[in-house]
Amino acid sequence: MPYNLLIVDGDSESNGRLAQGLRQEFDVDACELARQALDRLRARKPDLLALGLDLPDMDGMTFLKVLRETENGKDIPVIIMSLKKTEESVQQAYDLGIDDYMTKPVDVRELLVRSRTVLRRHFERAEHWGAALAIQGIEIDPSQRRCLVNGKRVVLRPREFELLEILMRKAGRVLSRNYLLETVWGMSSSSDTRAVDVMVSRLRHKLGARGRKSIETVSKMGYTFLPPSD
C-alpha cells in the first residue's frame, strides 16, 4: 500500500503539478487552505506533509505550530516549500521539527527523491534499534525513544534523538557536518549543512548543562561527543 502524502500550499497550479508528479509513487492529497488541511488531518493522518509557507488563510509557520499541538500532527514528517530561505526562517522551521526545507519553485523530481528519503528514515530506520547507552549522565534507549539527563526525562523529536544517538555511539570521534547530514538526514553532502548546526544548538539547549559540556564543536570540522574522562 503506497504512503499517503498531503500537499498544503496556497498555489493551486503548483499543487496540481506536484500532485500529478508524485502520484506515480504515492497516494497524494492536496489542499490550499490551512483550515482544509486541519480538517483532513483530523480525518486521516498522512505519512508525510509537504507544506508551503504562503497559505492564504494562515501563515505557514503558524500552521506548523498548530499542527504540532494536534494529536495527529505532532510527529508527522514535514517538508517545507518556501519562496525564501533565510537563516532565520530555516532555524525557525527546524525548531518546529521539520525534516527538510526546499526553495520554490520546487522540482517535482527532487521532491520525489526527498520524500522517499524522509519516509525511509522515518518508518524503516525505526525497525533497527540500537542498545541502550549512557555517557556522562546522559542516557538513551532507542527502543523507547527515551532520553534521560541526570535521571530526568528529556523529550526529543525523532531527528534530535537520532543525532544524539550517533554522536554518543561514536563518542570521542569528530563527525563532520557532511557526515551527519548524510547519516541523520539522508541528504547528500552537497546540501546545506546549516541544518546540522541548528539542530546541534537545539539539542544542546534541551540537554542543558550536560549537553553543552558533552557536545563539543571542533572548529572547521564538525562535532564530537566527549567520552567519559578516566
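Residues are numbered from 1 along each chain as its sequence is written, and side-chain values use heavy atoms, with hydrogens and water left out. In this predicted model, local features require pLDDT of at least 70 and side-chain atom pairs count only at pLDDT 80 or more, whereas totals for chains, interfaces and linings use all residues.

Helices (H or I, at least four residues) and strands (E, at least two) are DSSP runs numbered from the N terminus, and two strands are taken to pair if DSSP finds at least two bridges between them. Strand 3 (residues 48–52) is joined through four bridges to strand 1 (residues 4–8), the two running parallel, and Ile-7 stands opposite Ala-50 of strand 3. Four bridges also join strand 3 to strand 4 (residues 78–82), again in parallel, with Ala-50 opposite Ile-79 of strand 4. Five of the five residues of strand 3 are buried, so this strand is largely enclosed by the rest of the structure; buried here denotes under 20% relative accessible area, exposed over 50%, and partly exposed in between, with a 1.4 Å probe and protein chains only. Leu-48, Ala-50 and Gly-52 point one way from strand 3, while Leu-49 and Leu-51 point the other way.

Helix 3 (residues 60–68) packs on helix 4 (residues 87–95) at an angle of about 15°, with the axes 10 Å apart; axes are lines fitted to C-alpha atoms, for helices over the stretch in contact, and angles run from 0 to 180 degrees between N-to-C directions. Helix 3 is therefore roughly parallel to helix 4, a class that takes angles under 35 degrees, whereas those over 145 count as roughly antiparallel, 65 to 115 as roughly perpendicular and the rest as oblique. Met-61, Leu-64 and Lys-65 of helix 3 make the contact with Ser-89, Gln-92 and Ala-93 of helix 4, contact meaning heavy atoms within 4.5 Å.

An open sheet of four strands with antiparallel pairing has the order 6-7-8-9, and its edge strands, each pairing on one side only, are strand 6 (133–135) and strand 9 (152–153). Strand 8 (residues 146–149) is joined to strand 9 by two bridges, and Val-149 stands opposite Lys-152 of strand 9. Helix 6 (residues 158–169) lies across strand 6, strand 7 (138–141) and strand 8, running at about 115° to strand 7.

Gln-136 is placed in the loop between strand 6 and strand 7 and, at 21% relative accessibility, counts as partly exposed. When residues up to four places away in sequence are not counted, Gln-136 touches Arg-210, Lys-213, Ser-214, Leu-226, Pro-227 and Pro-228.

Three strands form a further open sheet, antiparallel in its pairing and ordered 10-12-11, in which strand 10 (175–176) and strand 11 (215–218) are the edge strands. Strand 12 (residues 222–225) pairs with strand 10 over two bridges, where Gly-222 is the bridge partner of Ser-176, and with strand 11 over four bridges, where Tyr-223 is the bridge partner of Thr-217. Strand 11 and strand 12 form a hairpin with three residues between them, and Lys-220 in the turn has a positive phi of about 65°. Helix 8 (residues 194–207) lies across both of these strands, running at about 150° to strand 11.
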